[in-house]
Amino acid sequence: MMKIRCFGIAKDITSQAFITIDEQLPSNVEGLKLWLEKNYPQFKSLNKCMIAVNQEYADDNTPISTSDEIAIIPPVSGG
Amino acid sequence: MVDNNIDIQILGDNLSIDTCYQYVIDETCGGIVLFVGTVRNHNKGKDVTHLDFETYESMAIKELSKIADECVEKFQSKKLSIHHRKGHVGIKDIAVIIAVSSIHRKKAFLACEYVIDQLKERVPIWKKEFLTDGSYWVNARP
């Protein structure tokens, strides 16, 4: 089972602070993005979301596994 | 997080300008620059009632630490204090304080601006703006 943290508008879209993927786990960030858009089509209407793996911004080729801390990072707006 | 002349905090209560100022005072420095970001009562022609900040706190602290390290590298900053609010923040309240001390003033100005620009670009903090007729996540949609 892969656990994904959701923040800001991502939390509103999924209605949860964490979502889980139980089968056919994506092997990299690109796969996760495709999974998200398929399961939560509202992500397509947002400005570009980033994915963080172990608290670092990750590019599409970054591998992911169930032991990683994975988070959806919608466009930030601090300050 | 306080380490090696860098003080980074994400706090649920009112921020203190004096705390940040006191932290960066240094006997080798001739200039301290502070940026104080406050909550204004309007945005894009609409009345704002308050903000709510959500943070991915562990990553936000990590990312702010990197930005502070970049200031030491780029601008030879001596000490930095960066405090950001989380949770409910009212109009006129302080959302963020950045304090930087430097041997000469010019690099303190540059570093302070660098921190706020980078913070807005890459630190995982999200602002929900509450208007008189609803609320929305800032920057989320085109």
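A salt bridge is a side-chain nitrogen of Lys or Arg within 4 Å of a carboxyl oxygen of Asp or Glu. This is a predicted model, in which local features need pLDDT of at least 70 and side-chain atom pairs count only at pLDDT 80 or more, while totals for chains, interfaces and linings use all residues. Side-chain values use heavy atoms, without hydrogens and water, and residues are numbered from 1 along each chain as its sequence is written.

**Salt bridges**

Over all chains, the structure holds 12 salt bridges.

| Pair | N to O distance |
|---|---|
| B:K62 and A:E56 | 3.9 Å |
| B:E57 and B:K86 | 2.9 Å |
| B:R122 and B:E70 | 3.0 Å |

Salt bridges with shared partners join A:E56, B:K62, B:E63, B:K66, B:E70 and B:R122 into one network. B:E70, at 23%, counts as partly exposed. A:E56 is also partly exposed, at 32%.

**Aromatic and charge–ring contacts**

A:Y40 and A:F43 form an edge-to-face aromatic pair, 6.3 Å centre to centre with 90° between the planes. Rings of Phe, Tyr and Trp (its six-membered ring) pair if their centres lie within 6.5 Å; planes under 30 degrees apart count as stacked, over 60 as edge-to-face and the rest as tilted. A:F43 is buried at 8% relative accessibility. One aromatic cluster consists of A:F7, B:Y56 and B:W126.

Notes:
Chains lettered and ligands numbered in written order. Buried < 20%, exposed > 50% of the residue type's maximum accessible area, 1.4 Å probe, protein only.
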